[in-house]
Amino acid sequence: MLLSDLSGDELARYARQIGPGALSAQGQTRLKHAAALVSRAGGMGGPAALALVMAGIGRLVFAHGGNLDSPDLNRQVLGSEEGLGKPRVVCFSETLRAMNRFVEIEAIDHEPDDDEALALARRVQVVLSCAPTFAERLRLNRAAVEAGVPLIDAAQWGMTGTLIVVDPGRTACLQCLYPVVPEFEEMFPVVGAISMAVGSLAALEAIKILAGSGTPNFGRLLLIDGFQGRWSQIELRRDPDCRCCGARKPRQ
């Protein structure tokens, strides 16, 4: 991939993020030729998808079902008052496409099942899991591990958020942490600011991985306690007997 892969308009568009401590021109080109899956594209996935599109990813695939409701608008930045009652996938697609003409947007109007999640993971270079339930998060984890692509798992509750970055076969996967699906309250309270913070950090990890810039946070759990104003980071240990990633060899 050469610098010439970027048009003059693209170089002008991304000029403020190409330079020391950010992306190289080669990294920006790598990002242009990359694809990511975001599921879902609501409170966390919406900001993540938006940041990836603004940064210049080549193709963004996102999945989100249902219609936009008024309570969604405390955190779902891709929606708007005008979109209430309409399919989220339509509203979200319009917002993303309006943000960057150089990016291909592929929208899926439902949450993928096991087979579709795996098929999608095999078509991208990174999976961003921004789903609210453990069942969906573990499904995306399995798909990413089977496809051999990095997984970024984002989660939230109240004013707290977590972020885990998985390198299949090398670091702990989500199944290592949760061998059994925990009980979970799906309709939990959440403040939109933590959703946006975690989603933006998820996108940053994806950009670093795809562009080859900086150091991805592989193998660590980032915990943001916005209620108490504390941040912490935990090194995760991979379970060699994990039924999801235990037999997986590191990606080349």
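Modeller: In this predicted model, the count of aromatic pairs comes to four. One of them joins Phe134 and Phe184 edge-to-face, with 5.3 Å from centre to centre and 90° between the planes. This pair links distant parts of the chain, since its members are 50 residues apart: Phe134 belongs to helix α6 (residues 134-147), whereas Phe184 lies in the loop between α7 (174-177) and α8 (192-211). Phe134 counts as buried because its relative accessibility is 9%, under the 20% limit. Phe184, at 36% relative accessibility, counts as partly exposed. Together with Tyr178 and Phe188, Phe134 and Phe184 form one aromatic cluster. Arg137 also lies over the face of Phe134, at 4.6 Å from the ring centre.

Helix α6 lies across β1 (35-39), β4 (126-129) and β5 (151-157), and runs at about 170° to β5. The sheet is open and has eight strands with mixed pairing, in the order β3-β2-β1-β4-β5-β6-β7-β8. At its edges stand β3 (104-108) and β8 (230-235); each has a single partner strand, so one side of each is left without a neighbour in the sheet. From one strand to the next, the twist averages 15°.

Definitions and conventions. Residues are numbered from 1 along each chain as its sequence is written. This is a predicted model: local features need pLDDT of at least 70, side-chain atom pairs count only at pLDDT 80 or more; totals for chains, interfaces and linings use all residues. Side-chain values use heavy atoms; hydrogens and water are left out. Rings of Phe, Tyr and Trp (its six-membered ring) pair if their centres lie within 6.5 Å; planes under 30 degrees apart count as stacked, over 60 as edge-to-face and the rest as tilted. Helices (H or I, at least four residues) and strands (E, at least two) are DSSP runs, numbered from the N terminus. Buried means under 20% relative accessible area, exposed over 50%, partly exposed in between (1.4 Å probe, protein chains only). A charge sits over a ring if NZ of Lys or CZ of Arg is within 6 Å of the ring centre and within 35 degrees of the ring normal. Two strands pair if DSSP finds at least two bridges between them. Axes are lines fitted to C-alpha atoms, for helices over the stretch in contact, and angles run from 0 to 180 degrees between N-to-C directions. Contact means heavy atoms within 4.5 Å.
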